[in-house]
Amino acid sequence: MLTVTFIRHGQSTDNVRHVWAGWADAPLSQRGSSTEALGAYFSKTLFTKIYASPLKRAATTAALVLAAQPAPQPPHDFTIESIKEQNFGVAEGKPWCSPDNKSSKSLSEYMSEGKYPTPLPGERFTGGESDEDLAARAMRAVDEVIMPHARSAMRTRRAEHIALVSHGLCIRALICALLERDSRSITPSRGYTGMQNTAWARVIIEMQANGTPLEITDEDNPLIVTVTDFGRTDHLVKLKPNAGGTGKIAYDPKQRDIRAFFDGAANTKDCESDALDGINREAKK
């Protein structure tokens with residue numbers, strides 16, 4: 001059995017600015033330091049390996065989770081390009097807005113006016129990725145990062161537990177890519193959107209053995225994929241909101257007083273912790 005824990009990064013300075021984040025490499029904000037609480041929460045969870053997107057907000061979050069792991073710390077790889085956030089091209093760093101529902105303007109027409117609303121399914125900003133592009137990339141990440149662990153766990157008859165620190169939209173795509181592998185052809189019952197900063201989700205992958213351990217392949221051994229948790233924020237329960245306006249400042253681990261803040265308290269659809277590398281697209285359609 002393989003357990004996969006997906007973790008969304010802490011709040012970044014771009015999250016606070018209400019701009020399209022994507023591949024822009026903004027650091028964690030000081031409010032993003034709630035990742036320290038996340039690390040403490042997972043300190044007794046023994047990960048087989050920790051993976052992360054190379055973008056600063058994810059890699060820094062992953063480093064804090066790794067630092068809290070007991071010795072000997074698990075191996076890690078914070079350079080996984082395939083689990084980066086969706087690329088928003090020319091929109092990155094630009095304020096996001098809601099489309100005018102009374103208008104029939106195309107995305108290119110909005111962009112010509114300097115406006116960057118949420119693209120419709122299949123659309124992309126110039127130089128960026130569509131949701132379909134992201135789904136294809138997530139499928140590659142499943143093949144290259146996750147499935148080797150699933151096969152290893154089956155061959156050795158030893159459970160493994162990996163962590164992937166990624167981004168809101170990418171985590172959604174990764175979960176959906178895994179569910180597509182489920183041999184029971186289960187239709188997802190939810191959109192898997194709207195994760196707060198530092199929230200986590202969990203998926204269990206089991207293989208039904210049809211051959212000897214050395215003959216295990218995805219094709220010969222049907223998968224059972226179960227989403228057991230989504231959007232969990234247990235690690236934030238004991239933290240208190242901080243009304244200070246420090247979110248636009250980069251995270252400094254020396255400033256322990258900032259730890260009182262937890263991300264996305266209100267969790268409204270346009271709250272600053274949900275800006276736009278994890279925006280709830282279902283609410284925008």
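**Exercise 1. Contacts along the chain**

What share of the contacts in the protein chain with a separation of 6 or more comes from residues 24 or more positions apart?

Solution. Start with the term: contact means heavy atoms within 4.5 Å. Residues 24 or more positions apart account for 77% of the contacts with a separation of 6 or more.

Some ground rules follow. The model is predicted: local features need pLDDT of at least 70, side-chain atom pairs count only at pLDDT 80 or more, and totals for chains, interfaces and linings use all residues. Residues are numbered from 1 along each chain as its sequence is written, and side-chain values use heavy atoms, with hydrogens and water left out.

**Exercise 2. Elements and sheet**

Solution. Step one: count. The protein chain has seven helices and six strands. These are DSSP runs, numbered from the N terminus: helices are H or I with at least four residues, strands are E with at least two. From the N terminus on, the order is β-α-α-β-α-β-α-α-β-α-β-β-α.

Step two: order the strands. Two strands pair if DSSP finds at least two bridges between them. The six strands form an open sheet, S3-S2-S4-S1-S5-S6, with mixed pairing.

Step three: find the edges. Strand S3 (76–77) and S6 each have a single partner strand, so one side of each lacks a neighbour in the sheet.

Step four: zoom in on one pair. S1 and S5 run antiparallel over six bridges. Thr-5 stands opposite Arg-202 in S5.

**Exercise 3. The cores**

Which residues touch the most other members of the largest nonpolar core?

Solution. Step one: define burial. Buried means under 20% relative accessible area, exposed over 50%, partly exposed in between (1.4 Å probe, protein chains only). Of the 285 residues, 51% count as buried.

Step two: define the core. A nonpolar core is a set of buried Ala, Val, Leu, Ile, Met, Phe, Trp, Tyr and Cys residues joined through side-chain atoms within 4.5 Å.

Step three: name the residues. The largest core has 44 residues, and Phe-6, Ile-146, Leu-164, Leu-174, Ile-175 and Ile-205 touch the most other members. Elements that each supply at least two residues of this core include strand S1 (2–8), helix H6 (168–179) and strand S5 (200–207).

Step four: take one member. Leaving out residues up to four places away in sequence, Leu-174 touches Phe-6, Ile-83, Ala-138, Ala-141, Val-142, Leu-164 and Ser-166. Another core, of 15 residues, lies apart from the largest one; Ile-7 and Leu-38 are among its members.

**Exercise 4. Aromatic rings**

Why is the pair of Trp-20 and Phe-125 edge-to-face?

Solution. Step one: set the rule. Rings of Phe, Tyr and Trp (its six-membered ring) pair if their centres lie within 6.5 Å; planes under 30 degrees apart count as stacked, over 60 as edge-to-face and the rest as tilted. The structure holds eight aromatic pairs.

Step two: apply it. The centres of Trp-20 and Phe-125 are 5.1 Å apart and the planes stand at 70°, so the pair is edge-to-face.

Tyr-41 is partly exposed at 32% relative accessibility, whereas Phe-42 is buried at 1%.
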